[in-house]
Amino acid sequence: MLEVKNLSVSIGDREILKDFNLQVADGEVAAIMGPNGSGKSTLSYVIAGKPDYEVTSGEVLLDGENILELSPDERAAKGVFLAFQYPVEIPGVTTMTFLKATLNAIRRQRGEPELSIPDFVKRVNKAAAKLDIKPDLLKRAVNVGFSGGEKKRMDIFQLAFLEPRFAILDETDSGLDIDALRVVADGVNALRTKDRSFLVITHYQRLLEYIVPDKVHVMAGGRIVRSGGRELAHELEKRGYKDYVEAEVA
Ligand code: ADP
Ligand code: MG
Ligand code: MG
């Protein structure tokens, strides 16, 4: 369903993604691992449509349609979701209000009417039931004063609520504590369906002990340098990225 074809991306005069190729099937959980600076976050931003990146060649096809020509809002309306690596805090806006505005923006984009209050509440409850979310978190201002684990919980809650078709989770290189890892992993596992795909980007193998990916890709120097099954993550845990980093320098 998602196909990245010959994608090259630059920032300024620096090429970051180099003729990058990737396919993620319906219902697949694909992991991308790789050393710091290999272009993992750039890939997720380009798929989601963040500005500032210059696509010099290639395409990103979602169900055969090149989404690179669409605005970030249009991509969200098609079901592309990016969990923020660094969540924004929005003082004075409750999570409930924020979710409602986000969903209604997507619905407007799709030409659908706004959700009624009862339908909105139903949808919130449905998402909360899938995950272990305390309702009081939803009444607080978005991410304000949230712990790392609570922020992750909100990210995953947004995912459950918005029901995207293609979800990208870009984890920080600084690493999550074990509780936050479990939140992310349990959330992804609870939200896996046969037509929802995930791209889980992580520097560490640990997360993949809890989310069992269908495929693992190693990224170095702006390209996929190796692909395999979950066993590849274990191999990386033992050997690290040095083979790939050295290969890139050579
Ligand atoms: P990763 O997520 O794998 O750590 P990134 O995609 O964040 O990698 O970065 C890839 C490379 O692009 C790095 O060398 C980084 O310094 C560079 N880069 C990323 N964003 C910018 C930017 N806004 N301006 C200049 N260089 C950038
Ligand atoms: Mg990085
Ligand atoms: Mg990154």
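User: Hi! Let's start with the ligand. How many residues surround ligand 1?

Analyst: Hello! In this predicted model, ligand 1 has 12 residues around it. The closest are Gly37, Ser38, Lys40, Ser41 and Thr42.

User: Which elements supply at least two residues of that shell?

Analyst: Strand E2 (14–24) and helix H1 (40–48) each do. H1 gives the most to the shell, with 3 residues.

User: And what does the shell around ligand 1 have by class?

Analyst: There are 7 polar residues, 3 charged ones and 2 nonpolar ones around ligand 1.

User: Good. Switching to H6, how many residues does it have, and how far does it reach?

Analyst: H6 has 15 residues and reaches 21 Å from its first C-alpha to its last. That is close to the 21 Å expected at 1.5 Å a residue.

User: Is H6 enclosed or open, going by its buried residues?

Analyst: H6 is largely enclosed by the rest of the structure, because 11 of its 15 residues are buried. The buried ones are Lys151, Lys152, Arg153, Met154, Asp155, Ile156, Phe157, Gln158, Leu159, Ala160 and Phe161.

User: What covers them?

Analyst: The cover includes strand E6 (80–83), helices H3 (95–109), H4 (117–130) and H5 (135–139), plus E9 and H7.

User: H7 is in that cover, so tell me about it. How many residues does H7 have?

Analyst: Helix H7 (residues 178–191) has 14 residues. From first C-alpha to last, H7 reaches 20 Å, close to the 20 Å expected at 1.5 Å a residue.

User: Which residues of H7 are buried, and what lies over them?

Analyst: Ala180, Leu181, Val183, Val184, Ala185, Gly187 and Val188 are the buried residues of H7. Their cover includes strands E3 (29–33), E9 (166–170) and E10 (197–202), along with H6 and helix H8 (207–210).

User: What's the geometry between the axes of H6 and H7?

Analyst: The axes come within 8 Å and cross at roughly 10°. With angles under 35 degrees counted as roughly parallel, H6 and H7 are therefore roughly parallel to each other.

User: Which residues make that contact?

Analyst: On the H6 side, Gly148, Gly149, Lys152, Arg153, Ile156, Leu159 and Ala160 take part. H7 contributes Asp179, Ala180, Val183, Val184, Gly187 and Leu191. By class, the contact of H6 with H7 has 7 nonpolar, 3 polar and 3 charged residues.

User: Let's zoom in on Ile156. Why does it count as buried?

Analyst: Ile156 counts as buried because it has 25 C-beta neighbours inside 10 Å, and the cut-off is 20 or more. Leaving aside neighbours within four places in sequence, Ile156 contacts Leu131, Val183, Val184 and Gly187.

User: What about Arg153, buried or exposed?

Analyst: Arg153 counts as buried too, since 22 C-beta neighbours lie inside 10 Å. Not counting residues up to four places away in sequence, Arg153 touches Ile133, Leu137 and Val183.

User: How about Asp52?

Analyst: Phi of Asp52 is near 85°, again a positive value. Asp52 lies in the loop between H1 and strand E4 (54–62) and is exposed, with 9 other C-beta atoms within 10 Å.

User: Great, thanks!

Note on methods
Residues numbered from 1 in each chain as written. Chains lettered and ligands numbered in written order. Predicted model: local features only at pLDDT ≥ 70, side-chain atom pairs only at ≥ 80, totals over all residues. Near = placed C-beta within 6 Å. Helix = DSSP H or I, 4+ residues; strand = E, 2+ residues; numbered from the N terminus. Nonpolar A, V, L, I, M, F, W, Y, C, P; charged D, E, K, R; others polar. Buried ≥ 20, exposed ≤ 12 C-beta atoms within 10 Å, placed from the backbone. Contact = placed C-beta atoms within 7 Å. Expected span 1.5 Å × (residues − 1). Axes fitted to C-alpha atoms, helices over the stretch in contact; angles between N-to-C directions. Parallel < 35°, antiparallel > 145°, perpendicular 65-115°, else oblique.
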